[in-house]
Amino acid sequence: MDFQNQKKYNVIFKDRKAVLTGYNDQICLLFDKKDGVLDLGDIKVLDNYPEGSYCVFFSSLSMEERKQITLDNGDPLFKDCECSLIFDDKPNSDLLKDYIEITDDTIEYYVPDLLFDPSKYATVKCKNCGKKYKVNRKMGYRSSFFEWNVIAPENNAYDFSLIKNIIPAQLHDKVKQLIEDYSSLSDEDMWYKYNLEECWLSLEEYEDEKEEIDLIGFLIVNLLVENDFIAG
Ligand SMILES: [Zn+2]
(Lines give C-alpha, C1' and ligand atoms only; values in the text may rest on other atoms or scores of the structure.)
Protein backbone atom coordinates (compact mmCIF):
# COMPACT_ATOMS: atom_id res chain seq x y z
CA MET A 1 0.00 0.00 0.00
CA ASP A 2 1.52 3.22 -1.19
CA PHE A 3 -0.37 5.36 1.28
CA GLN A 4 1.78 8.23 2.40
CA ASN A 5 1.24 7.88 6.10
CA GLN A 6 4.87 8.56 6.81
CA LYS A 7 4.47 12.08 5.50
CA LYS A 8 4.24 14.84 8.02
CA TYR A 9 2.50 18.15 7.63
CA ASN A 10 2.79 20.98 10.11
CA VAL A 11 -0.71 22.24 10.69
CA ILE A 12 -2.75 24.42 13.01
CA PHE A 13 -5.96 23.18 14.60
CA LYS A 14 -7.93 25.29 17.06
CA ASP A 15 -4.99 27.68 17.50
CA ARG A 16 -2.69 24.84 18.40
CA LYS A 17 0.27 23.46 16.44
CA ALA A 18 0.05 19.85 15.40
CA VAL A 19 1.57 17.38 12.98
CA LEU A 20 -0.79 15.65 10.59
CA THR A 21 0.62 12.24 9.84
CA GLY A 22 0.00 8.53 9.99
CA TYR A 23 0.67 6.72 13.21
CA ASN A 24 0.18 3.04 13.71
CA ASP A 25 -1.74 2.81 10.45
CA GLN A 26 -4.17 5.60 11.18
CA ILE A 27 -4.15 9.20 10.09
CA CYS A 28 -4.03 11.46 13.09
CA LEU A 29 -3.11 14.85 14.45
CA LEU A 30 -0.28 14.72 16.93
CA PHE A 31 0.05 17.57 19.45
CA ASP A 32 3.28 18.01 21.38
CA LYS A 33 2.67 17.53 25.10
CA LYS A 34 5.40 20.11 25.77
CA ASP A 35 2.92 22.77 24.61
CA GLY A 36 0.73 22.02 27.59
CA VAL A 37 -2.53 20.23 28.27
CA LEU A 38 -4.79 19.78 25.26
CA ASP A 39 -8.47 20.40 25.77
CA LEU A 40 -10.58 19.94 22.66
CA GLY A 41 -13.94 19.64 24.37
CA ASP A 42 -15.90 16.72 22.99
CA ILE A 43 -13.19 15.56 20.61
CA LYS A 44 -11.61 12.33 21.74
CA VAL A 45 -7.93 12.76 22.60
CA LEU A 46 -5.53 9.92 23.33
CA ASP A 47 -2.94 10.80 25.94
CA ASN A 48 0.70 9.86 25.29
CA TYR A 49 0.03 8.03 22.03
CA PRO A 50 2.74 8.00 20.81
CA GLU A 51 4.85 8.95 23.80
CA GLY A 52 5.09 12.69 24.25
CA SER A 53 2.02 13.41 22.15
CA TYR A 54 -1.67 13.91 22.38
CA CYS A 55 -3.28 12.07 19.50
CA VAL A 56 -6.55 12.83 17.72
CA PHE A 57 -7.58 10.38 15.03
CA PHE A 58 -8.60 12.14 11.85
CA SER A 59 -11.64 9.92 11.54
CA SER A 60 -12.93 11.13 14.91
CA LEU A 61 -13.18 14.72 13.67
CA SER A 62 -16.37 15.97 12.06
CA MET A 63 -16.12 17.35 8.55
CA GLU A 64 -16.60 20.87 9.96
CA GLU A 65 -13.65 20.36 12.27
CA ARG A 66 -11.50 18.95 9.48
CA LYS A 67 -12.15 22.05 7.41
CA GLN A 68 -10.70 24.17 10.22
CA ILE A 69 -7.26 22.57 9.91
CA THR A 70 -4.77 24.81 8.09
CA LEU A 71 -1.12 24.52 7.15
CA ASP A 72 1.10 26.41 9.57
CA ASN A 73 1.48 29.22 7.02
CA GLY A 74 -2.29 29.74 7.09
CA ASP A 75 -3.06 28.08 3.77
CA PRO A 76 -5.94 25.65 3.65
CA LEU A 77 -4.82 22.07 4.02
CA PHE A 78 -6.85 20.61 1.19
CA LYS A 79 -8.06 21.92 -2.09
CA ASP A 80 -11.02 21.22 -4.30
CA CYS A 81 -13.93 19.44 -2.72
CA GLU A 82 -14.50 18.58 0.92
CA CYS A 83 -14.50 14.92 -0.05
CA SER A 84 -10.71 15.27 -0.14
CA LEU A 85 -10.93 15.38 3.67
CA ILE A 86 -11.80 11.72 3.91
CA PHE A 87 -9.12 9.19 4.80
CA ASP A 88 -9.79 6.45 7.26
CA ASP A 89 -13.56 6.70 7.28
CA LYS A 90 -15.74 3.73 6.46
CA PRO A 91 -18.42 4.41 3.86
CA ASN A 92 -21.38 4.14 6.22
CA SER A 93 -19.86 6.40 8.85
CA ASP A 94 -22.47 8.81 10.22
CA LEU A 95 -19.97 11.60 9.76
CA LEU A 96 -20.13 11.26 6.02
CA LYS A 97 -23.76 10.67 5.19
CA ASP A 98 -24.25 14.26 4.02
CA TYR A 99 -21.26 14.02 1.72
CA ILE A 100 -21.03 10.53 0.33
CA GLU A 101 -23.50 8.31 -1.38
CA ILE A 102 -22.89 4.57 -1.51
CA THR A 103 -23.47 3.49 -5.09
CA ASP A 104 -22.42 -0.12 -4.86
CA ASP A 105 -23.29 -1.51 -1.46
CA THR A 106 -22.00 -4.99 -2.02
CA ILE A 107 -19.95 -5.45 1.09
CA GLU A 108 -20.60 -5.50 4.79
CA TYR A 109 -18.86 -2.82 6.77
CA TYR A 110 -17.27 -2.84 10.18
CA VAL A 111 -16.64 -6.53 10.15
CA PRO A 112 -14.22 -7.01 13.03
CA ASP A 113 -11.11 -9.12 12.76
CA LEU A 114 -11.37 -9.39 9.04
CA LEU A 115 -8.01 -9.53 7.37
CA PHE A 116 -7.24 -7.00 4.71
CA ASP A 117 -8.87 -8.18 1.52
CA PRO A 118 -8.35 -5.95 -1.50
CA SER A 119 -11.30 -7.46 -3.31
CA LYS A 120 -13.80 -6.19 -0.75
CA TYR A 121 -14.54 -2.76 -2.07
CA ALA A 122 -17.60 -0.61 -2.38
CA THR A 123 -17.93 2.24 -4.82
CA VAL A 124 -19.10 5.51 -3.37
CA LYS A 125 -19.74 8.90 -4.86
CA CYS A 126 -19.29 12.40 -3.50
CA LYS A 127 -22.70 14.12 -3.44
CA ASN A 128 -21.06 17.44 -4.14
CA CYS A 129 -18.52 16.95 -6.92
CA GLY A 130 -19.46 13.49 -8.15
CA LYS A 131 -15.98 12.08 -7.67
CA LYS A 132 -16.03 8.34 -7.14
CA TYR A 133 -13.99 6.48 -4.57
CA LYS A 134 -13.24 2.89 -3.94
CA VAL A 135 -13.61 2.07 -0.29
CA ASN A 136 -12.13 -0.93 1.37
CA ARG A 137 -14.26 -2.32 4.15
CA LYS A 138 -11.37 -2.55 6.54
CA MET A 139 -9.10 0.25 5.43
CA GLY A 140 -11.78 2.80 4.59
CA TYR A 141 -11.28 5.52 2.03
CA ARG A 142 -7.54 5.60 2.37
CA SER A 143 -7.26 3.08 -0.43
CA SER A 144 -8.45 5.81 -2.80
CA PHE A 145 -5.85 8.28 -1.56
CA PHE A 146 -2.45 7.24 -2.72
CA GLU A 147 -1.46 10.86 -2.43
CA TRP A 148 -2.93 13.56 -0.28
CA ASN A 149 -4.25 16.53 -2.16
CA VAL A 150 -2.22 18.93 -0.14
CA ILE A 151 -1.49 22.40 -1.43
CA ALA A 152 2.28 22.62 -1.61
CA PRO A 153 3.88 24.91 0.93
CA GLU A 154 6.59 27.17 -0.55
CA ASN A 155 9.49 25.07 0.63
CA ASN A 156 8.06 21.96 -1.01
CA ALA A 157 7.82 23.48 -4.47
CA TYR A 158 10.04 20.75 -5.93
CA ASP A 159 8.23 17.81 -4.42
CA PHE A 160 6.73 16.01 -7.40
CA SER A 161 4.32 13.98 -5.28
CA LEU A 162 2.50 17.18 -4.38
CA ILE A 163 1.69 18.07 -7.98
CA LYS A 164 1.33 14.55 -9.33
CA ASN A 165 -2.47 14.69 -9.25
CA ILE A 166 -2.64 17.66 -11.60
CA ILE A 167 -0.13 16.36 -14.16
CA PRO A 168 -1.37 13.99 -16.88
CA ALA A 169 -0.04 10.49 -16.20
CA GLN A 170 1.69 10.33 -19.60
CA LEU A 171 3.92 13.21 -18.52
CA HIS A 172 4.84 12.07 -15.01
CA ASP A 173 8.28 10.84 -16.05
CA LYS A 174 9.03 13.94 -18.10
CA VAL A 175 7.99 16.33 -15.33
CA LYS A 176 9.94 14.36 -12.72
CA GLN A 177 13.00 14.55 -14.96
CA LEU A 178 12.45 18.27 -15.50
CA ILE A 179 12.30 18.91 -11.75
CA GLU A 180 15.42 16.84 -11.21
CA ASP A 181 17.27 18.64 -14.01
CA TYR A 182 16.21 22.04 -12.74
CA SER A 183 17.84 21.30 -9.41
CA SER A 184 20.96 19.63 -10.77
CA LEU A 185 21.86 20.93 -14.25
CA SER A 186 23.69 24.17 -14.94
CA ASP A 187 21.60 26.95 -16.47
CA GLU A 188 23.39 26.44 -19.76
CA ASP A 189 22.73 22.68 -19.89
CA MET A 190 19.13 23.31 -18.92
CA TRP A 191 18.83 25.90 -21.65
CA TYR A 192 20.00 23.57 -24.40
CA LYS A 193 18.31 20.44 -23.17
CA TYR A 194 14.87 22.08 -23.04
CA ASN A 195 15.21 24.45 -26.03
CA LEU A 196 14.50 27.42 -23.84
CA GLU A 197 15.22 29.93 -26.59
CA GLU A 198 11.55 29.54 -27.46
CA CYS A 199 10.64 31.07 -24.07
CA TRP A 200 13.58 33.38 -23.48
CA LEU A 201 15.51 35.08 -26.25
CA SER A 202 18.90 34.34 -24.79
CA LEU A 203 20.62 32.26 -22.17
CA GLU A 204 21.50 35.48 -20.35
CA GLU A 205 17.84 36.44 -20.14
CA TYR A 206 17.00 33.07 -18.69
CA GLU A 207 19.80 33.34 -16.13
CA ASP A 208 18.75 36.85 -15.13
CA GLU A 209 15.12 35.90 -14.68
CA LYS A 210 15.98 32.76 -12.76
CA GLU A 211 17.90 34.88 -10.28
CA GLU A 212 14.79 36.95 -9.70
CA ILE A 213 12.16 34.25 -9.47
CA ASP A 214 11.78 30.50 -9.29
CA LEU A 215 11.03 29.33 -12.82
CA ILE A 216 10.14 25.69 -12.19
CA GLY A 217 6.38 26.33 -12.30
CA PHE A 218 6.76 28.10 -15.63
CA LEU A 219 8.93 25.31 -17.03
CA ILE A 220 6.37 22.68 -16.05
CA VAL A 221 3.56 24.64 -17.71
CA ASN A 222 5.77 25.03 -20.78
CA LEU A 223 6.28 21.29 -20.90
CA LEU A 224 2.51 20.74 -20.74
CA VAL A 225 2.01 23.23 -23.59
CA GLU A 226 4.69 21.57 -25.72
CA ASN A 227 2.97 18.25 -25.24
CA ASP A 228 -0.40 19.72 -26.16
CA PHE A 229 -1.99 19.34 -22.73
CA ILE A 230 -2.52 23.08 -22.39
CA ALA A 231 -3.26 25.47 -25.22
CA GLY A 232 -0.24 27.74 -25.66
ZN1 LIG B 1 -16.31 15.86 -3.70
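Visitor: What is the order of the six strands in the open sheet?
Guide: The model is predicted: local features need pLDDT of at least 70, side-chain atom pairs count only at pLDDT 80 or more, and totals for chains, interfaces and linings use all residues. Residues are numbered from 1 along each chain as its sequence is written. Two strands pair if DSSP finds at least two bridges between them. The pairing in this open sheet is antiparallel, and the order is β4-β5-β3-β2-β1-β6.

Visitor: Which strands are the edge strands of this sheet?
Guide: An edge strand here pairs on one side only. The two that do so are β4 (46-47) and β6 (70-71).

Visitor: How many helices and strands does the protein have?
Guide: Both kinds of element are DSSP runs numbered from the N terminus: helices are H or I with at least four residues, strands are E with at least two. On that basis the secondary structure comes to six helices and nine strands.

Visitor: What percentage of the 232 residues is buried?
Guide: A residue is buried if 20 or more other C-beta atoms lie within 10 Å of its own, exposed if 12 or fewer, and partly exposed in between, with C-beta atoms placed from the backbone. Of the 232 residues, the share that counts as buried is 20%.

Visitor: Which residue of β5 is the bridge partner of Cys 28?
Guide: Strands β3 and β5 run antiparallel and are joined by five bridges. Two residues are in contact if their C-beta atoms, placed from the backbone, lie within 7 Å. Beyond its neighbours within four places in sequence, Cys 28 is in contact with Tyr 23, Cys 55, Val 56, Phe 57 and Phe 58. Its bridge partner in β5 is Phe 57.

Visitor: Which residue in β3 does Val 19 stand opposite?
Guide: β2 and β3 run antiparallel, with five bridges between them. In β3, the residue opposite Val 19 is Leu 30.

Visitor: How many of the five residues of β5 are buried?
Guide: β5 is largely enclosed by the rest of the structure.

Visitor: Which residue in the turn of the β4-β5 hairpin has a positive phi?
Guide: β4 and β5 pair in the antiparallel sense over two bridges, and Asp 47 has Tyr 54 as its bridge partner in β5. The hairpin has five residues between the strands. With a phi of about 65°, the residue in question is Asn 48.

Visitor: What is omega for the peptide bond from Tyr 49 to Pro 50?
Guide: Most residues other than glycine have a negative phi, and most peptide bonds are trans. Pro 50 is placed in the loop between β4 and β5. The bond from Tyr 49 to Pro 50 is cis, with omega near -5°.

Visitor: Is Asn 195 buried or exposed?
Guide: Asn 195 lies in the loop between α4 (187-193) and α5 (203-212). It is not a glycine, yet has a positive phi of about 50°. With 10 other C-beta atoms within 10 Å, Asn 195 is exposed.

Visitor: Where does Lys 14 lie?
Guide: Lys 14 is not a glycine but has a positive phi of about 50°. It has 15 other C-beta atoms within 10 Å and so is partly exposed. Its place is the loop between β1 (8-13) and β2.

Visitor: At what angle do the axes of α3 and α6 cross?
Guide: Axes are lines fitted to C-alpha atoms, for helices over the stretch in contact, and angles run from 0 to 180 degrees between N-to-C directions. The axes of α3 (residues 172-184) and α6 (residues 216-226) come within 10 Å and cross at roughly 150°.

Visitor: How far apart are Phe 218 and Cys 199 in space, C-alpha to C-alpha?
Guide: Phe 218 is found in helix α6. It has 13 C-beta neighbours inside 10 Å and so counts as partly exposed. In sequence Phe 218 and Cys 199 are 19 residues apart, and in space, C-alpha to C-alpha, 9.8 Å.
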